[in-house]
Amino acid sequence: MIPYPAPAEEAVDHRKNPPALLTSQDREGWIPCWIQTARRSQLSTDILYDPQLFVILFRIDSDLAEKARADRCSCGGRLDTADYPRKPRAPIDLGPEHHRRHSFCCAECRCRTTPPSVRFFARRVYAFPVVVLVTALAAGLSGSRLATLRKEFGVDRRTLERWRVWWRELFPQTPFWKTARARFFPPVDGAQLNVVHERFAGGLDGLVALLRFFSPMSCASHAL
Ligand SMILES: [Zn+2]
């Protein structure tokens with residue numbers, strides 16, 4: 001583990017000088033996430049209407065898929081394309097390139113390999129950024145403001161409550177979080193999504209970095 005350097009006494013602009021995360025995997029192709037100690041990131045759903053977000057996420061998923069293919073199956077076999085048909089819900093129309101989740105089947109042992117994703121969260125019908133951002137926003141809302149948020153994204157009450165329960169009660173128990181939380185300095189107090197989200201920058205870059213961070217959880221075994 002590469003120790004995160006102790007914070008300097010003076011204010012540091014982490015967006016200009018982002019500290020790297022701690023694993024070699026992070027250093028090889030992950031966008032470094034920077035840790036905000038001086039300000040809270042502003043939550044807004046505007047970003048979910050930005051087509052550029054989904055262009056970036058598609059590219060990232062393509063890179064993750066290519067890496068998985070290059071790594072081959074654990075048996076050493078060649079991985080052939082065997083994508084899953086999907087139709088993620090988002091506030092804007094997503095092109096046909098988003099109607100498939102990358103997946104592979106081994107030419108030798110026929111085992112599946114599904115790479116991590118920043119667009120799909122297990123079998124959730126909503127796009128991963130919608131699940132993350134709406135859940136984070138919902139943490140501070142109740143009553144009519146919560147209803148407005150649900151209405152804007154067409155998320156029914158039970159679905160949103162399921163997301164909130166998962167992030168609040170199950171996410172802290174995941175092996176992913178038990179390992180990943182050690183990357184934060186200062187330590188994250190709690191595991192609630194909005195608390196984790198605050199450690200990332202705002203805007204498009206911050207959401208993309210957050211989704212990269214969460215992408216190992218995108219496989220079905222970790223999700224709802
Ligand atoms: Zn195999």
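Colleague: Which residues does Val-132 touch, not counting residues up to four places away in sequence?

Modeller: Two residues are in contact if their C-beta atoms, placed from the backbone, lie within 7 Å. In this predicted model, Val-132 touches Leu-193, Leu-210, Leu-211 and Phe-214.

Colleague: Which residues have the most contacts inside the largest nonpolar core?

Modeller: In soluble globular proteins, nonpolar side chains tend to be buried together. A nonpolar core is a set of buried Ala, Val, Leu, Ile, Met, Phe, Trp, Tyr and Cys residues joined through C-beta atoms within 7 Å. Buried means 20 or more other C-beta atoms within 10 Å of the residue's own. Here the largest core has 35 residues, and Phe-128, Val-132, Leu-133, Leu-210 and Leu-211 have the most contacts inside it. α3 gives the most, nine residues.

Colleague: How many residues of α3 are buried?

Modeller: Helices are DSSP runs (H or I, at least four residues), numbered from the N terminus. In α3, eleven of eleven residues are buried. They pack against α2, α4 (143-153), α5, α7 and α8.

Colleague: Where does pLDDT stay under 50?

Modeller: pLDDT is the predictor's confidence in each residue, from 0 to 100. Where pLDDT is low, the predicted coordinates should not be read in detail. Here it stays under 50 over residues 1-41. The chain averages 80.

Notes
Residues are numbered from 1 along each chain as its sequence is written. This is a predicted model: local features need pLDDT of at least 70, side-chain atom pairs count only at pLDDT 80 or more; totals for chains, interfaces and linings use all residues. A residue is buried if 20 or more other C-beta atoms lie within 10 Å of its own, exposed if 12 or fewer, and partly exposed in between; C-beta atoms are placed from the backbone. Helices (H or I, at least four residues) and strands (E, at least two) are DSSP runs, numbered from the N terminus.
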